[in-house]
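Welcome! Please take a moment to look over the sequence and the model before reading the notes below.

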Amino acid sequence: MNAVITGATKGIGKAIAVELARQGYHLAICSRNQNELNLFKQELESYPINILAMQADCTQKADVINFAEKVENTFDQVDVLVNNAGIFLPQNLLDEEDENFEIQQQINVNAAYYLAKRLGKMMCKKQSGHIFNICSVASKGPVKGAGSYSVTKAALLSLNNVLRDELAQHNIKVTAILPGSTLTASWEGTTISPEKFVQPQDIAQLITCVLNLSKGVNVDEIMLTPLNF
């Protein structure tokens, strides 16, 4: 079994990669930081799996397409795609520079769009596969002080729903994961207790649970929020 994960060297993406490696999935992972990618690949090599680790900047369409092409040339099929790469640049929409929106649009939406199109076609040929899109509670309603982030995460959820509608006839499942405040690098320096957050491992374990459900069921979306934040 083969899995593709974007933004895989930190936080949620890293936890998902480790969990799928434990389950025996061969991995294709990408990250902007080559050093972090090399170190993480070394960690993953403790598992008896094949690993494609490729530097890719998800703000750049060419990088995303190159990553997809490398996956196509490495794997004969893709069983799981996790569109995890994301960026959170909080600011009021009317006050921010246009670049704030553009970067978040490129990473939070466009990269997932390009990969889902390319790798979704691979899944269609095999008539199987599962795409997970790491959305956010902001996909359902605006987060105060994070206008552009909320817009792009809402767009990602819409993309998720379109993919689910179009790919169901090909026996391909599509699931949106909507985490609330999760203990990732976005919260670096916070004084809030780590125990108050959703943990990246929670999301990773959830994905493996969904993958083990019966063939005929699709989990449309799952929201995880801190119990007492």
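Which residues are linked with R118 in a network of salt bridges? E69 and E72 are, so that E69, E72 and R118 are joined in a network. A salt bridge here is a side-chain nitrogen of Lys or Arg within 4 Å of a carboxyl oxygen of Asp or Glu. Side chains of opposite charge can pair when their charged atoms come close.

**How to read the notes**

- This is a predicted model, in which local features need pLDDT of at least 70 and side-chain atom pairs count only at pLDDT 80 or more, while totals for chains, interfaces and linings use all residues.
- Residues are numbered from 1 along each chain as its sequence is written, and side-chain values use heavy atoms, with hydrogens and water left out.
- Helices (H or I, at least four residues) and strands (E, at least two) are DSSP runs, numbered from the N terminus.
- Buried stands for under 20% relative accessible area, exposed for over 50%, and partly exposed for in between (1.4 Å probe, protein chains only).

**Salt bridges**

- By the salt-bridge rule, the count comes to seven.
- R118 pairs with E69, and their closest N and O atoms are 3.6 Å apart. R118 lies in helix α4 and E69 in helix α3 (residues 61-74), so this pair ties together parts that are 49 residues apart in sequence.
- R118 is partly exposed, with a relative accessible area of 24%, and E69 is also partly exposed, at 32%.
- E221 and K140 meet through their side chains at 2.7 Å, N to O. Because E221 sits in strand β7 (residues 221-224) and K140 in the loop between β5 (129-134) and α5 (147-167), the pair ties together parts 81 residues apart in sequence.
- E221 counts as partly exposed, with 32% relative accessibility.
- D220 forms a salt bridge with R164, with 3.6 Å between the closest N and O atoms. This pair links distant parts of the chain, 56 residues apart: D220 is in the loop between α6 (200-211) and β7, and R164 is in helix α5.
- D220 is partly exposed, at 37% relative accessibility.

**A buried glutamine**

- Q104 lies in helix α4 (residues 98-126) and is buried, with a relative accessible area of 0%.
- The side chain of Q104 reaches the backbone oxygen of N100 at 3.1 Å.
- Leaving aside residues up to four places away in sequence, Q104 touches I87, F88, L89, V109, S148, Y149 and T152, where contact means heavy atoms within 4.5 Å.

Notes: Polar contact = N/O pair within 3.5 Å; in protein donor to acceptor, adjacent residues only side chain to side chain.
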